[in-house]
Amino acid sequence: MNTTAEPTVAPIRASDKLQRLFDRDERLIDVVAGHSPQLAKLRNSPIRRVMARVTTVAQAARLCKVDTDTLIRELNAVLGIHTSANPTSNDASAAAASAESDSESGPIPAFDSAVELDVRDELRKGGEPFSRIMAAVATLGQRQVIHLRAPFEPVPLFGVMQKRGFGHKVEKHTDDDWSVWFYRAAAADTSTVTSHTTAADAIQTAATTASQTVGTADVWLDVRDLEPPEPLVRTLEALETLPARSALMQVNARVPQFLLPILRERGFHFTVDETQPNEVRVRIWRDD
């Protein structure tokens, strides 16, 4: 008698990226895209290539203003999976991410100038402007804001910016034209200094340890498990506090194509080593 159990199909969760869903079953594109004009853009292959890779199910629900549990049930139903009435109850990470994305700060404080970034055409063509946005953030003055124009509300970006001490204000012009102002939150100055001091201490300790153990001043930064644009953000932050005569060794799952031109612009040298299995090592340094 054959007692082999049928394989269990994993249900969709709030923290799943849309791209993972669409790779499982392309019918799910229509389920998500049918909920709002913003998400209808997912039927456009170039925009889907960018938007689906960084957007979770919880964030998609926020974009189309439907209950996350309702959207999850609809998606699972297409796969023949019947979920509970509250499928996100055990998805703490997704709940936190959704709450973080959904928190819009108050009025924009007084500022001296705005850095204008229009990424509408770039996104429509399937480009990935996150590196350009993060590069602008890294050089933003204390009394400057970023005015971003995008073809959809960039919800995945809100959590990334909030972690860096930025609030945001959103204005919808049309279904495919949005303005978002990112500004430093009231307590951002103190938190930023604390964060950078902690990072500097950690990097200095890592450099000392590396020097003592392998005879080099390389500081290692493993970003293989991070979602874009976090590898870019973490690397640029680490370079800001890199000790003199040291090099940063970024360990990545792929060649960081968007990081390399930023490094050139900022005067860094780098080498790319693709000889290791399942990883790419980028060594970054600057002449003192």
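Helix 5 (residues 57-64) and helix 6 (residues 68-78) cross at roughly 115°, and their axes come within 9 Å of each other. Helices here are DSSP runs (H or I, at least four residues), numbered from the N terminus, and the axes are lines fitted to C-alpha atoms over the stretch in contact, with angles from 0 to 180 degrees between N-to-C directions. Helix 5 is therefore roughly perpendicular to helix 6; this term covers 65 to 115 degrees, while angles under 35 count as roughly parallel, over 145 as roughly antiparallel and the rest as oblique.

The model is predicted: local features need pLDDT of at least 70, side-chain atom pairs count only at pLDDT 80 or more, and totals for chains, interfaces and linings use all residues. Residues are numbered from 1 along each chain as its sequence is written, and side-chain values use heavy atoms, with hydrogens and water left out.

Helix 5 passes helix 6 in a right-handed crossing, that is, with the near helix turned clockwise from the far one by less than a right angle. On the side of helix 5, Val 57, Ala 58, Ala 60 and Ala 61 meet Thr 68, Leu 71, Ile 72 and Leu 75 of helix 6, where contact means heavy atoms within 4.5 Å. This contact of helix 5 with helix 6 comprises 7 nonpolar residues, 1 polar and no charged; Ala, Val, Leu, Ile, Met, Phe, Trp, Tyr, Cys and Pro count as nonpolar, Asp, Glu, Lys and Arg as charged, and the others, Gly among them, as polar.

Helix 5 also packs against helix 10, at an angle of about 115° with the axes 9 Å apart. Here Gln 59, Arg 62 and Leu 63 of helix 5 meet Val 155, Pro 156 and Phe 158 of helix 10. By class, that contact has 4 nonpolar, 1 polar and 1 charged residues.

Helix 10 (residues 155-163) packs with helix 9 (residues 130-138) at about 25°, the axes being 13 Å apart. Helix 9 is therefore roughly parallel to helix 10. Phe 130, Ile 133, Met 134 and Val 137 of helix 9 make the contact with Leu 157, Val 160 and Met 161 of helix 10. The contact of helix 9 with helix 10 has 7 nonpolar, no polar and no charged residues.

Turning to the rings, the charged end of Arg 283 sits over the ring of Trp 285, 5.6 Å from its centre. The criterion is NZ of Lys or CZ of Arg within 6 Å of the ring centre and within 35 degrees of the ring normal. Arg 286 lies over the face of Phe 268, at 4.1 Å from the ring centre.

Conventions. Helices (H or I, at least four residues) and strands (E, at least two) are DSSP runs, numbered from the N terminus.
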